[in-house]
Amino acid sequence: MTELLRLENVWAGYGDAVVLEDISFSLDAGDSMALLGRNGMGKTTLLATLMGATQLKSGKMRYAGADLVAVPSHRRAHLGLGWVPQERDIFASLSVEENLSVVARPGPWTLQRTYELFPRLQERRANMGNQLSGGEQQMLALARALMLNPKLLLLDEPLEGLAPLIVQELLTIIGRMAKSGDMAVILVEQHARQILPLTRQAVVLERGRTVYAGASEPLIQDKSQLDRWLGVGGQ
Amino acid sequence: MKTIDIIHNEHRALGAVLQALAYVVDALRANKLQPDFGLLAAMVDYITLGPETVHHPKEDQYLFARLRDRSPDAAQLIAKLEQEHQDGYAMTVTLQKALIHYQSVGAAGFAAFAEVVAKYLEFTWSHLNCEETELLPLARTALTAADWAAIDAEFADNFDPFAGADGEFAGLFSRIVNLTPAPYGLGPAAAT
């Protein structure tokens, strides 16, 4: 696989505050990575840094062979970075189908293929964004990111605040997205044991620093380290 | 120890359906919902077929069998859990009958159905808790690396907690998710 993203010794934060310290990792095209850590360890800040929403103090970020740091934040989506933030941010006054169509870009994820992954959204295609339940809104946020046909999809705690039934359903869908190979996926979650089986790689952050960067498989089997870094066996 | 992750996953999936069933029955009791017998039947199907055809056979045949060989101290606990597997299936049959009765006679059948559901939920949560807090910790310490490798291989054929051997549970689970009222599922929310 070709390398899509490489971070080298990245330090970043907000204003004078440094949140990320000396972060380095790489991700191949079509690969998948779990980004793990307790609350406040820098996971969301790392995604925000990739999208240009923080202050980069030092270090290098290369994306598809080019310098990502030089690209203004508003241009990064056009390069193929798709971000699904915790807030969902769907358009309440547009229908489900309009929410999807308005952002569509050419690529393998067409409206039809997206509906195949989210049949519930096809059933609700005429409903307005504000007529959806929380779980449906999260599905729409994920589906809308796919319609951008990103090369790199950033998912920030997509299961947060959802009932267990919906969490289980979304885990299955996210697993299919990650295994599709159409895009690389970085998945931020606190429930390590549920997402590590869905990803090939994992990075664990502790107080803004990398304490693990490697394959997901050995990490999920290492209960003591998961306990230490994430608590309760990684849940 | 992929086996333990598979068991955790299957417990989480079953637990999610149990939680949703408890919510639906509570909402029916409070007259916040009209009975959706399609949803109730899907839930009862899942909690009957999932454990009986996918989950318990793996535990009984592979994990329990090897643990019994390795740890004589585990014999009593395993016997209790095996009995509970049988009792649990019998309770799901009672649950099916109570649901059919409820559907046949309408509101007059709700109290009996709710009582059977409550007994089933209490029994099953207790069973899952026993496996999570007693059996699995014991298995972690008593079984050798070679044992786990063998059990992992035996479990590997059946990883997806929803798909089952033939993928039949994936659709059933999605149907439950779609029909269960929000915020527990994706269906229309119950009256407030």
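Two residues are in contact if their C-beta atoms, placed from the backbone, lie within 7 Å. Among contacts in chain A between residues at least 6 apart in sequence, 69% join residues at least 24 apart. For chain B the corresponding share is 72%.

The model is a predicted one, in which local features need pLDDT of at least 70, side-chain atom pairs count only at pLDDT 80 or more, and totals for chains, interfaces and linings use all residues. Residues are numbered from 1 along each chain as its sequence is written, while chains are lettered from A and ligands numbered from 1 in the order in which they are written. The predictor gives the complex an ipTM of 0.83 and a pTM of 0.87. Confidence in each residue is expressed as pLDDT, on a scale from 0 to 100. Chain B averages a pLDDT of 91, and 94% of its residues score at least 70. Within chain B, confidence is highest in helix α4 (residues 110-142), at a mean of 96, and lowest in helix α5 (residues 145-156), at 88.

Consider chain A. Its secondary structure comes to 10 helices and 10 strands; helices (H or I, at least four residues) and strands (E, at least two) are DSSP runs, numbered from the N terminus. The radius of gyration of chain A is 17 Å, close to the 18 Å that the globule rule gives for 235 residues, so chain A is as compact as a globular protein of that length. The radius is taken over C-alpha atoms, and the rule is 2.2 Å times the number of residues to the power 0.38. Along the principal axes, the C-alpha atoms of chain A fill a box of roughly 45 × 40 × 35 Å. Of the 235 residues in chain A, 44% are buried. A residue is buried if 20 or more other C-beta atoms lie within 10 Å of its own, exposed if 12 or fewer, and partly exposed in between, with C-beta atoms placed from the backbone.

Chain A is assigned two parts, domain 1 (3-80 + 151-234) and domain 2 (89-149); such bounds come from an automatic or database domain assignment. The C-alpha centres of these domains lie 23 Å apart. Where they meet, 10 residues of domain 1 are in contact with 10 residues of domain 2. On the domain 1 side, α7(A) gives the most, with four residues. That side divides into seven nonpolar, one polar and two charged residues. Here Ala, Val, Leu, Ile, Met, Phe, Trp, Tyr, Cys and Pro count as nonpolar, Asp, Glu, Lys and Arg as charged, and the others, Gly among them, as polar.

N9(A), in strand β1 (residues 3-14), has a positive phi of about 50° although it is not a glycine. N9(A) counts as exposed because it has 11 C-beta neighbours inside 10 Å. D22(A), in strand β2 (residues 17-28), is not a glycine either, and its phi is positive at about 60°. With 14 C-beta neighbours inside 10 Å, D22(A) counts as partly exposed.

Chain B has six helices and zero strands. For its 192 residues, a compact globule would have a radius of gyration near 16 Å; the 18 Å of chain B agrees with this. Its C-alpha atoms fill a box of roughly 55 × 30 × 25 Å, taken along the principal axes, and 33% of its residues are buried. The peptide bond from A182(B) to P183(B) is cis, with omega near 5°. P183(B) is placed in the segment after α6 (168-179) of chain B.

How do the chains meet? In all, 16 residues of chain A are in contact with 23 residues of chain B. On the chain A side, the largest share, six residues, comes from α7(A). By class, this side has six nonpolar, six polar and four charged residues.

The last topic is the nonpolar core, a set of buried Ala, Val, Leu, Ile, Met, Phe, Trp, Tyr and Cys residues joined through C-beta atoms within 7 Å. The largest has 102 residues, and L154(A), V17(B), M43(B) and I176(B) have the most contacts inside it. Helix α1 (residues 2-29) of chain B gives the largest share, nine residues. Domain 1 and domain 2 of chain A both give residues to this core, so it lies between them.

Technical notes: pLDDT = per-residue confidence, 0-100.
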